[in-house]
Amino acid sequence: MPRARAIVVGAGGISKAWFKPLKAEKVEVAAVVDLDLQRARAAVEEWQLAGARASDNLKKTLRETHADFLVDLTAPESHAKVTCAALRAGLHVVGEKPMASSMAEARKMVRTSEAAGRLYMVSQSRRWDARHEALARAVRAGRLGRLTTVNCDFFLGAHFGGFRDEMESPLVLDMAIHHFDLARMVSGCDPVAVYCEEFNPAGSRYKGDSSANAVFEMTGGVRFVYRGSWCAEGCDTSWNGNWRVIGERGTILYEYDQDPRGEVVAKREGFRYPKRALKMPPAPMKFTGMHGALREMLRFLRTGRRPPCECHDNIKSLAMVFAAIESSHAGKRVAVRVM
């Protein structure tokens, strides 16, 4: 296959996590587009992107530059505009999370992908992590028997400053998408309904609700229980959160980014059944995070195999976010509506 060509839109801080794997995979970056032309030029120079044009005009760049796919690294509010323009111009797209800043925009992006006959995938980077893959494989292999419950705790005292301090739902809208998507990956289930309470504890530096508790009903009767806060000082979890995954035969713990470990019933007798250690399935993963997402796009270009987090799938994780916020505002359980 000829060397893949890409247009990168957005040369801010997150771009550094993308230019490195683009170089490693020998992708030809045909153009770097940013509203700040000097920043686009600086990226071309820093990463020694020979032959790449720097631009502040996406429409013109799409019209004049041949490429196979576009990497959308813009702010969430720009995702729909950038992605839809690229899809209509005939490019496939891989973009940063979250998919969009509203469900209406996300649905438009899915429809545009279908109409253009082009792939749009979201880089839900935590899916490309060997520990998460091992956890998902254990569940898929039935090591726990039938799955019943997935619990995730996420607690950090995060002092960002900037736009997050002013957001209405900073935790759920900006962070929980990672945990919600991981819950879908691990369980293999999709969301049905949710009851969520968002709140802002005393001492919070955030204007909006920095903490939340949510109970999701998932397909198959599985429950996903989420507790999180961005203003909890002390005894931090990891950014991935602490997980307890429960099935009819046993439980797996994944805590503080250590390898998952579990126990399953050894014999069904007595008040507390005796347990044995669960042997976790191997899940080697050489390319993680954004590099893993990029390789999925490149594999699609070579083989046509559709990747995880393709828009028809990832919109389900985004729907969990907006349904949780809707439930919190309404003070009641609501259905998770996707399309």
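Helix H3 (58-64), helix H4 (76-88) and helix H7 (170-187) each supply at least two residues of the lining of the largest pocket. Helices (H or I, at least four residues) and strands (E, at least two) are DSSP runs, numbered from the N terminus. You are looking at a predicted model, where local features need pLDDT of at least 70 and side-chain atom pairs count only at pLDDT 80 or more, while totals for chains, interfaces and linings use all residues. Residues are numbered from 1 along each chain as its sequence is written, and side-chain values use heavy atoms, with hydrogens and water left out.

## Exercise 1: the largest pocket

Task: find which helix gives the most to the lining of the largest pocket, and how the lining residues divide by class.

Solution: 
- Begin with the term: on a 1 Å grid over the protein atoms alone, a pocket is an open set of points where a 1.4 Å probe fits, with protein on both sides within 12 Å along at least five of seven lines; lining residues have an atom within 4 Å of a point.
- Next, find the centre: of 40 lining residues, Leu73, Thr74, Ala75, Pro76 and His79 lie nearest to it.
- H4 gives the most, with 7 residues.
- The lining divides into 21 nonpolar, 8 polar and 11 charged residues. Here Ala, Val, Leu, Ile, Met, Phe, Trp, Tyr, Cys and Pro count as nonpolar, Asp, Glu, Lys and Arg as charged, and the others, Gly among them, as polar.

## Exercise 2: the second largest pocket

Task: work out which helix gives the most to the lining of the second largest pocket.

Solution: 
- Look around Trp128, Gly292, Glu296, Arg299 and Pro308, which lie nearest the centre among 33 lining residues.
- Helix H6 (130-140), H7 and helix H8 (289-303) each supply at least two residues of this lining.
- H8 gives the most, with 7 residues.
- By class, the lining has 15 nonpolar, 2 polar and 16 charged residues.

## Exercise 3: inside the protein

Task: identify which members of the largest nonpolar core touch the most others, then say whether threonine 61 is buried or exposed.

Solution: 
- A nonpolar core is a set of buried Ala, Val, Leu, Ile, Met, Phe, Trp, Tyr and Cys residues joined through side-chain atoms within 4.5 Å.
- Among its 79 residues, Leu70, Met99, Phe180 and Phe224 touch the most other members.
- Leaving aside neighbours within four places in sequence, phenylalanine 180 is in contact (heavy atoms within 4.5 Å) with Val172, Phe216, Phe224, Tyr226, Met320, Val321 and Ala324.
- Now turn to threonine 61, in helix H3. Threonine 61 counts as buried because its relative accessibility is 0%; buried means under 20% relative accessible area, exposed over 50%, partly exposed in between (1.4 Å probe, protein chains only).
- Not counting residues up to four places away in sequence, threonine 61 touches Ile7, Ala31, Val33 and Ser55.
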